[in-house]
Amino acid sequence: MYRHALITTLLAATTLSATATAQWGFVTTPNHPPARTEAQMCYDLFRGEVVLYGGGSTSGGTDTWTYDGTSWTLEAPLRNPGFRRRAQLVHNLLNGRSILYGGSAGGRMADDTTWEWNGTDWIPIGTNGSPGGLTRYAATFDANRNRMVVYGGLRDTWNGQPLADTWEYDGSSWTMVTTFNSPAGGLINHAMSYHIAQQKIYLFGG
């Protein structure tokens, strides 16, 4: 019941804002994270803030920042996933947690661990099954089916063959999904997003 009410609210907000003119604007904040590339970021709907983790930076890529629309805050979790870049961070809007999987942890092979941010700490998840380690993949959260969906990527962070695998994470298990076809037969460095009104996932580029 709650899930459907939340989706209905989001759909209404989408409809109301559909005619708004889109513009980019530079935002000045009293403080901000150090410059970085290949970080992980998503919007935490439950807490009304952006979550930023890791990336290649002067801080070593293990810091967690949140942004509330006015200022950035450096969080102090008890645990963290360690150095991480070229991964994806997606928000589960049904349980209020943000999911981080895989990425490059500084070595040649992709990381194969799953973590969830609960607003104050990073929780390591012992999952049933796993994609086997992925980096430079794309991911999004399917709110209708309550799944994180992952496509493509590499197992070897530098010279691997782009994958055409589709994986889903339901909060406890990773499952490989068999599909009749796949985008471009394997991709890296692409992007995915969930369209809540159409209940479809769109993929572009790579």
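Q: Which residues are linked in a network of salt bridges?
A: The network holds Asp142, Arg145, Arg147 and Glu168. This is a predicted model: local features need pLDDT of at least 70, side-chain atom pairs count only at pLDDT 80 or more, and totals for chains, interfaces and linings use all residues. Residues are numbered from 1 along each chain as its sequence is written, and side-chain values use heavy atoms, with hydrogens and water left out.

Q: Why is the contact between Asp142 and Arg145 called a salt bridge?
A: The term asks for a side-chain nitrogen of Lys or Arg within 4 Å of a carboxyl oxygen of Asp or Glu. Here the N to O distance is 3.0 Å. The pair therefore qualifies.

Q: What makes Arg145 and Glu168 a salt bridge?
A: Their closest N and O atoms are 2.5 Å apart. That is within 4 Å, so the term applies. Arg145 lies in the loop between strand S11 (138-142) and strand S12, while Glu168 lies in strand S13, so the bridge ties together parts 23 residues apart in sequence. Helices (H or I, at least four residues) and strands (E, at least two) are DSSP runs, numbered from the N terminus.

Q: Why does Asp142 count as buried?
A: Buried means under 20% relative accessible area, exposed means over 50%, and partly exposed is in between (1.4 Å probe, protein chains only). Asp142 has 5%, so it is buried. Glu168, at 13%, is buried too. Arg145 has 37%, which makes it partly exposed.

Q: How many salt bridges does a search of the whole structure find?
A: The search finds 12. One of them joins Asp156 and Arg108, with the closest N and O atoms 3.0 Å apart. Asp156 lies in the loop between strand S12 (147-151) and strand S13 (166-169), and Arg108 in the loop between strand S8 (97-101) and strand S9 (114-117), so the pair ties together parts 48 residues apart in sequence.

Q: What makes a set of residues the largest nonpolar core here?
A: A nonpolar core is a set of buried Ala, Val, Leu, Ile, Met, Phe, Trp, Tyr and Cys residues joined through side-chain atoms within 4.5 Å. The largest has 23 residues. Those with the most contacts inside it are Trp122, Tyr137, Met148, Val150 and Trp174. Among the strands that each supply at least two residues are S8, S9, S12 and S13.

Q: Which residues does Met148 touch?
A: Contact means heavy atoms within 4.5 Å. Leaving out residues up to four places away in sequence, the partners of Met148 include Val90, Ile99, Tyr137, Trp167 and Trp174.

Q: Why are S8 and S9 called paired?
A: Two strands pair if DSSP finds at least two bridges between them. S8 and S9 have four, so they pair, in the antiparallel sense. The bridge partner of Leu100 is Trp115, in S9.

Q: What makes S7 and S10 edge strands?
A: The open sheet runs S7-S8-S9-S10, with antiparallel pairing. S7 and S10 each pair on one side only.
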